[in-house]
Structure formats: structure tokens, C-alpha cells
Amino acid sequence: MNDTNRGLNRTVLLIVGLVLLVGGGAAATAAAVPAVGDVWTSSGKAALDALRAAGDATRIGDTALSWAVIGATAVAIVVAVILFASLTTLVSRRSRTVLRSSGSQTPLGRVTVTEGFAADAVKNSLARQDGVLSASVTAHTVRDEPVLHVSVTARQGADPRSVVDHVDRVMDGLAAVTGADTAAYISVHGGLRSRLASDAPRVS
Amino acid sequence: MTTPVLRRVVRRETHSPRSVAFALVVLLGIVLALYVAVELILALASQPSLLVRPMSALQWLAGLPSNAPVAAAVAGGLIAAALGLWLVVLAVSPGRLSKHEVDAGGRVAVIDNGVLASALAQRVSDETGIARDRVTVGVAHRSVDVTVRPGAGIPIDETEVTALAEAEIASLKLARPVRTRVRVERHDEEEKAA
């Protein structure tokens with residue numbers, strides 16, 4: 001889990017895709033159909049003339065410089081900076097979340113459970129499970145709510161249902177100990193590691 | 001307790017963020033924007049251009065129908081359009097990852113299709129006595145394919161395998177129902193050799 005802005009990803013892809021689709025289609029049609037080609041050439045000429053006129057109108061004194069070209073340069077640089085900034089949204093900004101029970105409910109004080117404690121408790125408990133090759137626990141903040149993510153790599157052929165049920169019981173236990181039932185999300189993976197490790201034992 | 005928060009988590013975990021395509025497009029955009037900026041600055045300073053002056057490039061583009069060979073212009077345009085169509089499809093399609101959500105009481109659980117398939121194959125192999133490498137299971141978003149290749153002369157009841165697979169799938173408690181298809185494959189060469 002990370003904070004990648006997926007709406008932004010898809011919007012950018014959609015806009016760029018539409019521009020390429022329309023531009024490429026228009027160019028292909030203009031090259032293939034002479035009538036369309038004439039429209040392409042004449043409108044392109046008009047656009048170029050407009051650009052030239054803008055350049056001439058904003059010329060600075062007698063120099064070759066013009067504000068229009070300077071503006072276009074600035075726009076190109078700003079676009080590059082904005083694009084670069086949007087790339088940084090891809091980088092995971094996972095915050096280490098501290099899980100805590102609400103302090104007001106316990107007269108003795110407040111219980112704070114760190115992510116590390118929850119992770120160790122769940123990991124140790126899962127280590128004894130046959131179908132589990134490895135497990136990791138991370139805490140995330142989703143819409144200002146803490147969510148525990150239990151990621152389990154299952155052995156090949158292991159029953160994922162029993163793995164999920166076991167994790168569910170472990171989480172119940174953690175909730176009972178800490179007094180806070182944190183939202184939890186369980187993911188069971190396979191992949192190369194489970195393929196290379198020995199199979200789940202068939203005899204219990 | 002499938003709260004909106006957990007629903008959001010499941011949605012994010014089972015659908016592609018399209019980050020790779022986005023990163024590629026944005027990187028190309030950055031390179032293009034910086035290149036344009038460099039060419040404009042060179043043009044402002046009246047220096048020779050790196051490749052082409054921006055104005056001449058636009059001029060060439062405006063005269064494309066007469067400047068380039070028809071076949072090349074059409075091909076280039078179609079390639080750009082196809083690329084654009086592919087990006088639009090990427091943007092609009094759901095991009096489902098090969099994972100299944102399963103019911104997990106108050107929590108949510110997502111299992112890779114590969115894990116489901118290998119568990120299913122193991123179970124079919126255990127129950128029917130057919131060697132594990134002769135059972136192939138494919139788990140897709142809406143269907144499960146079980147292919148069994150029993151050795152020559154080994155009897156196997158297709159309905160029995162179907163019932164077995166369906167019972168196992170039911171016990172997994174998938175959030176989305178799947179169709180089960182069982183095939184028993186027998187190779188002629190094996191039968192003749194036996």
C-alpha cells in the first residue's frame with residue numbers, strides 16, 4: 001500500500017493517449033487523403049503565421065529576442081518541473097503508524113502499541129504454521145485510519161483458507177491483548193520463493 | 001466490518017495503479033519539455049541548434065503531407081494513433097490484478113491466483129491419487145480450469161473431480177463466484193504404449 005494517486009496516473013495516460021490518437025490519426029489521414037492534407041497544410045500555415053506574428057509583436061527592441069519565445073521557454077521548463085513533481089507522487093510515502101487504544105477509555109492510562117510489536121507478535125505466531133513460508137506486518141494510514149497489512153508468503157500447495165483463518169485468529173488475539181480492534185488486511189502471495197521452498201507437509 | 005477504508009484497500013490491492021506506464025509517459029514528457037526548452041534557449045541566443053530549430057520543426061510538421069513520403073507519413077501517424085489508443089485503453093480499463101478477494105470475517109483478505117491454483121491442484125492430487133505434476137489448475141478472475149492427465153489405463157471420473165474442485169473452491173469462500181471447468185486429457189501415445 002502506498003499513496004500513489006491513481007486518478008492522476010490514469011488521467012495523464014488518458015490525456016496523452018487521446019492527444020496521440022487524434023494527432024496520429026489526423027496526420028495519417030492528411031497524408032493519405034489529399035483533401036484532408038490541404039486542410040492540414042493551410043491550417044498549419046495559419047498557425048505558424050500566428051506564431052510568427054506573436055514573435056514579431058513581442059520583439060524586444062532591435063534584438064532577436066522576443067517575449068513570446070522567452071514565454072514558451074519558461075512554459076517548457078515549468079512543464080518539465082510539474083511532470084517531475086508528479087513523478088514523486090509515485091514514490092511510496094508510507095508513514096510508520098503507531099497503533100494506540102483510545103486513552104480516555106482506560107483510567108490507568110493509555111496503551112500504545114508500536115508497529116514493531118504487532119509485527120513481532122503476528123510473525124512469531126505465524127512461524128509455527130506449516131503453510132506459511134514467511135510473513136510481514138506493516139501499518140499504514142488510509143484515510144486517517146490505521147490499517148494493519150499482514151503479508152503472507154504461502155508454501156506451494158498450502159491451503160490459503162487455513163492460512164487466512166489462522167491470521168484472522170491471530171489478529172483477534174492481538175485485538176484482545178491491545179484492546180483495540182485495528183482494521184486488518186491480509187494478503188497471501190506465492191511466487192518464486194514459495195516455488196523454491198519445500199512443499200507444505202502432507203502429513204500433520 | 002468491511003468498512004469503506006478496507007474496501008478502498010482491497011480495491012487498491014486488486015487493481016493495477018498503472019504506475020509503470022505513467023512513469024514512462026511522464027519521463028518522456030520531461031525529456032521532451034527539456035529538449036524544447038534547450039532548443040528555444042539556443043534559438044534565443046542565436047546559437048546553432050542541437051538538432052532542429054523549433055520553428056523549422058513546426059514548419060516541417062505543417063507541411064507533412066507534401067514533405068514526407070505518403071507511406072512513411074501514414075505509417076508514422078498510425079503508429080502514434082495506435083500508441084495513443086493503447087494508452088487510452090490502459091487509462092480506462094480496470095487493470096485487474098490476478099488476485100481473488102476471499103471472505104475473512106471482519107477483515108479482508110486477498111489471495112494470489114497462483115496460490116489458489118497450487119492449493120487446488122494439490123488437493124485434487126491428494127484426493128484422486130493422481131501425481132501432482134499431472135494436475136494443472138488455472139485460476140482466472142471468473143473461472144477455474146482444472147486439467148487432469150491420468151496415466152494410461154487409470155480410470156478417473158470427471159464428475160468426481162468436478163465435485164471435488166467445486167467443494168474445494170466453496171471452502172475457499174471467494175468473494176466473487178467462479179465457474180469451474182474440468183478436463184480429463186488422455187494422450188493417444190500413452191494409451192498405445194500401455
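The two domains of chain A sit with their C-alpha centres 52 Å apart. Domain 1 covers 6-88 and domain 2 covers 99-196; such bounds come from an automatic or database domain assignment. Keep in mind that this is a predicted model, where local features need pLDDT of at least 70, side-chain atom pairs count only at pLDDT 80 or more, and totals for chains, interfaces and linings use all residues. Residues are numbered from 1 along each chain as its sequence is written, while chains are lettered from A and ligands numbered from 1 in the order in which they are written.

Now to a sheet built from both chains. Its five strands run in the order E3(A)-E4(A)-E5(A)-E2(B)-E1(B), as an open sheet with mixed pairing. Here strands (E, at least two residues) and helices (H or I, at least four) are DSSP runs numbered from the N terminus, and two strands pair if DSSP finds at least two bridges between them. E3 (132-142) of chain A and E1 (99-104) of chain B are the edge strands, each with a single partner, so one side of each has no neighbour in the sheet. From one strand to the next, the twist averages 20°; axes are lines fitted to C-alpha atoms, for helices over the stretch in contact, with angles from 0 to 180 degrees between N-to-C directions.

Chain B also has an open sheet of three strands, ordered E3-E4-E5 and again mixed in pairing.

| Strand pair | Sense and bridges | Example bridge |
|---|---|---|
| E1(B) and E2(B) | antiparallel, six bridges | B:Val102 with B:Ala109 |
| E4(B) and E5(B) | parallel, six bridges | B:Asp145 with B:Arg181 |

Helix H7 (residues 158-172) of chain B packs on the chain B sheet, touching E4 and E5, and its direction makes about 145° with that of E5(B). Contact means C-beta atoms, placed from the backbone, within 7 Å. Helix H6 (residues 113-128) of chain B lies across E3 and E4 of chain B, at about 150° to E3(B).

Finally, a look at A:Ala30, which lies in helix H1 (residues 6-32) of chain A. A:Ala30 is buried, with 23 other C-beta atoms within 10 Å; the cut-offs are 20 or more for buried, 12 or fewer for exposed, and partly exposed in between. Among the residues A:Ala30 touches are A:Trp40, B:Leu64 and B:Pro65.

Notes:
Two residues are in contact if their C-beta atoms, placed from the backbone, lie within 7 Å. Lists of a residue's contacts leave out its neighbours within four places in sequence.
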